[in-house]
Amino acid sequence: MTLLLQERDGRGVVTLTLNRPQAFNALSEAMLTALGEAIDALAEDDSVRAVVLGASGKAFCAGHDLKEMRAEPSLEYYERLFAQCTEVMLSIQRLPVPVVARVQGLATAAGCQLVAMCDLAVASADARFAVSGVNVGLFCATPGVALSRNVPRKAAFEMLVTGEFVSAEQALALGLVNRVVPADGLDDEVETMIASIVAKPRVAVAMGKALFYRQIDVDIESAYADAGATMACNMMEPSALEGVQAFIEKRPPDWPGERA
């Protein structure tokens, strides 16, 4: 079975689908390798406009493969495994195009982390989220890094120390996901979001995504300095010059180099 399915449409929208439904799409070493290699390849492809990360079966992702983890207990192995997972998670953030999580079922532990690391997330109304490692004596430390950068501090800590599930609506209220829709409307809602993204110039989105994450964790003066320099560079791009001119002339923009 192919662990990671990949599809691409004519707009440059790539859909990656975790494909271990019998194991609730757990992140085995092989799955992490496949996902990391796919993301790294997409990062080098300037024709990619957006990525949708979904999963087959009833679950989005149940986190790490605990059977695999228990089979070879050693500190060296665990350090290597979590370093591999961290690199995959960071590669999502480094990807120059937006990544949208399509969450159709439960997302637990590193699966919840995966949702949190995506730039955007759309969930079905029956999706559920948890960082539940503490229930088996393993505090979800690495998922907590991503979770605490998505939801308020006390809410994140409560999830981490109780291991309890939150509903899709709770996840929406906390800011873990952007939109919640009935299960039969999930694909349409993802497409609505994707269509809005790909209608914008790729260069502006790429510059903006990189700046967005750079400025979050620095002081406000440094953030403004970086943002101002980024906007100045962005303004010199042909797409921005065309967009502003189109606005002035009250006409739709003709994005240079991005015609269908």
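1. Helix H11, residues 238-248, gives the largest share of a nonpolar surface patch, namely four residues. The patch is made by Met235, Leu241, Val244, Phe247 and Ile248, and its area is about 500 Å². Keep in mind that this is a predicted model.

2. Isoleucine 248 is part of helix H11. Its relative accessibility is 53%, so isoleucine 248 counts as exposed, because the cut-off for exposed is over 50%.

3. Aromatic pairs come next, and the structure has two of them. One joins tyrosine 77 and tyrosine 78: the ring centres are 5.3 Å apart and the planes meet at 50°, so this pair is tilted. An angle over 60 degrees would be needed for edge-to-face, and one under 30 degrees for stacked.

4. How exposed or buried are these two tyrosines? Tyrosine 77 has 1% relative accessibility and therefore counts as buried. Tyrosine 78 has a relative accessible area of 22%, so it is partly exposed.

5. Another aromatic pair is formed by phenylalanine 212 and tyrosine 213, with ring centres 5.1 Å apart. Their planes stand at 85°, so the pair is edge-to-face. Phenylalanine 212 itself counts as partly exposed because its relative accessibility is 44%.

6. A ring also takes part in a contact with a charge. The charged end of arginine 128 is placed over the ring of phenylalanine 165, at 4.1 Å from the ring's centre.

Note on methods. Residues numbered from 1 in each chain as written. Predicted model: local features only at pLDDT ≥ 70, side-chain atom pairs only at ≥ 80, totals over all residues. Heavy atoms only, no water. Patch = residues over 30% accessible without salt bridge, like charges linked within 9 Å, V, L, I, M, F, W, Y side chains within 5 Å. Areas by Shrake-Rupley, 256 points an atom, 1.4 Å probe, with all protein chains shown as cover. Salt bridge = Lys/Arg side-chain N within 4 Å of Asp/Glu carboxyl O. Helix = DSSP H or I, 4+ residues; strand = E, 2+ residues; numbered from the N terminus. Buried < 20%, exposed > 50% of the residue type's maximum accessible area, 1.4 Å probe, protein only. Phe/Tyr/Trp six-rings, centres within 6.5 Å; stacked < 30°, edge-to-face > 60°. Lys NZ or Arg CZ within 6 Å of the ring centre and 35° of its normal.
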